[in-house]
Amino acid sequence: MKWPTPSQISARSLRVWQRNFSIYRQNWKISFVPPLLEPLLYILAFGVGLAVMVGELEYGGEKISYTTFIAPGLVSVAIMYNAFFETTYNSFVRMYYQKTFDALLATPLNLEEIILGEMLWAATKSVIAVTLMTCVISLCGFFSFPGTLLLIPLALLGGLLFAALGMICTALVPGIEMFNLPIFLGITPMFLFSGTFFPLQNLPNWAQVLAQFLPLTHLVTLARGCSLHVWSGDLWFSLLYLLVATLLLLPLAIALMVRRIVV
Amino acid sequence: MPILKVESLRKNYGTLTAVDGISFDVQSGECFGLLGPNGAGKTSTIRMLYGYTPRDSGLLEVFGLDIDKGLREIKRRIGICQQEDSLDPDLSVRDNLIGYARYFAIPKPEAERRADELLGFFALQNRAKDKIMVLSGGLKRRLMLARALVNQPELLILDEPTTGLDPQSRQLLWEKLAELKKQGLTILLTTHYMEEAERLCDRLVIVDHGRILVEGKPAALVQERVGHSVLEIADPDQPLRDFLAREKCRVEDLGSRLLVYLDHGDELFLKLTREVRAEGCMLRPAGLEDLFLNLTGRELRE
């Protein structure tokens, strides 16, 4: 396997980002609907339906409503979904069916730049979704400012991490239908067991330890701490986890894609 | 200095040797053909020329630049029309050209000007706003070719540009390619259509199993290796075979059909039709297809 070197990467990566962005812009009215509506649906369902049964819970030494508890979780899940689905299904379609990468390889761009551009774009989608969602959730009064503004750089970092994970899947799956596997074995368990919908302390000890390995756990920890202004030393650990994982997985994703495409 | 220099180029895929030591040069302003049956190594060769596929060994120079050192510069100055349609289905016809120009860092006003010029040249201006999905195969090919020219390349590389097209589209594409050649563009073309090669190529090589079998100018190669004309005889009977045996000519026996290669003139044909039989006998000029089949054999390729 050939690891990418910094000298292979140039600002040309942004051309790939620009291509995806310009197509996203063509359909922005449709693309904007899920991040705006989704939090409302969840808040309605959980805030009205479930919260009455759950009542309040304690977080960071304070009593908060259940809806307040899950709101940062929803944002974190959106970061994961937007980036992961972009570099799995969408990148796979561009690579395999539309031959977009083939077309780009006939220009001064190289494959490393193309893959990086795809991942930058996927992270950008996370940022766009989080910005929209945060507006809606803040209007409902669940988030505290200015800490909530940190969700935006967090979306970029988390977006890059999940974009890299998605791209690794794209590099490894034989066909598009195989994405069900990483989604069922990775994404869905993370969605449920990363402290999104209930505090991790409710889990048995061994499961709490396992959850510490999941990237979404750390994303949720950071998102919750920032948006609810509950600052603790744990946040630094989670940030370190996300930074290290991203810095390892981005070049790995590029290397695996090069191995897949270059024969 | 040649525009393109290929020396002892090799590529293996596992145990399969796709390209087995190919060497050729392409001079400025000429159209050079890379001919061969399916699986001969044409596309592998082309893909190595722009770094899509890494080569195992050999020397590749484009515009005098070594491909390992100057790949970006090379790719900026060549136009590549790949075999498979790789147009962007999310963009309109015109935006496909403008979007592609961005990858070459061409400023937008210039890109728009070139896009409109190319749409005009390929008679696509009425389809400028259409999505790719609604285009026919011929229109898509024209747009692929237009896209390959958006960076005003000094060398145009075409991988089977007319495979799968209807005769009208093919004729139009040939006209356009001939026009580009007249403007001085250097072209490297792969094809397995002999008519295409005869019409467009100044020089060509025929490759099979990753090796060059023959190189030269198409007309001279045919004259030298096949002859002047070919006499085709359907359902040959014994008297006819006896006649040909007496005349000591080069005969290829395909069972229900005989091919007789004639070096000059039509005396033998006239004698045959007068003395033996005229029915089912046809005299035609020798062509590249005869040479191609003689060199690469008649058995089917997968």
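## Two domains in chain B

The C-alpha centres of domain 1 and domain 2 of chain B lie 40 Å apart. Domain 1 covers residues 4-222 and domain 2 covers 227-286, with bounds that come from an automatic or database domain assignment.

Before going on, note that this is a predicted model, where local features need pLDDT of at least 70, side-chain atom pairs count only at pLDDT 80 or more, and totals for chains, interfaces and linings use all residues. Residues are numbered from 1 along each chain as its sequence is written, while chains are lettered from A and ligands numbered from 1 in the order in which they are written.

## A sheet in chain B

Now look for an open sheet of four strands in chain B, with the order 12-13-11-14 and antiparallel pairing. Strands here are DSSP runs of E with at least two residues, and helices are runs of H or I with at least four, numbered from the N terminus; two strands pair if DSSP finds at least two bridges between them. Strand 12 (250-253) and strand 14 (281-285) are at the edges with a single partner strand each, so one side of each has no neighbour in the sheet. On average, neighbouring strands of this sheet are turned by 20 degrees against each other, direction ignored.

Strand 11 (residues 229-234) of chain B runs antiparallel to strand 14 of chain B, and five bridges join them. You can find B:Glu232 opposite B:Met282 in strand 14 of chain B.

## Two crossing helices in chain A

Two packed helices are described by the angle between their axes and the distance between the axes. In chain A, the axes of helix 6 (residues 111-139) and helix 11 (residues 234-261) come within 9 Å and cross at roughly 130 degrees. Axes are lines fitted to C-alpha atoms, for helices over the stretch in contact, and angles run from 0 to 180 degrees between N-to-C directions. Helix 6 and helix 11 of chain A are therefore oblique to each other, since angles under 35 degrees count as roughly parallel, over 145 as roughly antiparallel, 65 to 115 as roughly perpendicular and the rest as oblique.

Residues making this contact (C-beta atoms, placed from the backbone, within 7 Å) include A:Ile115 and A:Met119 of helix 6 of chain A, and A:Leu250 and A:Ile254 of helix 11 of chain A.

## Where the chains meet

Finally, 17 residues of chain A are in contact with 19 residues of chain B. Helix 5 of chain A gives the most to the side of chain A that touches chain B, with five residues.

Conventions
Two residues are in contact if their C-beta atoms, placed from the backbone, lie within 7 Å.
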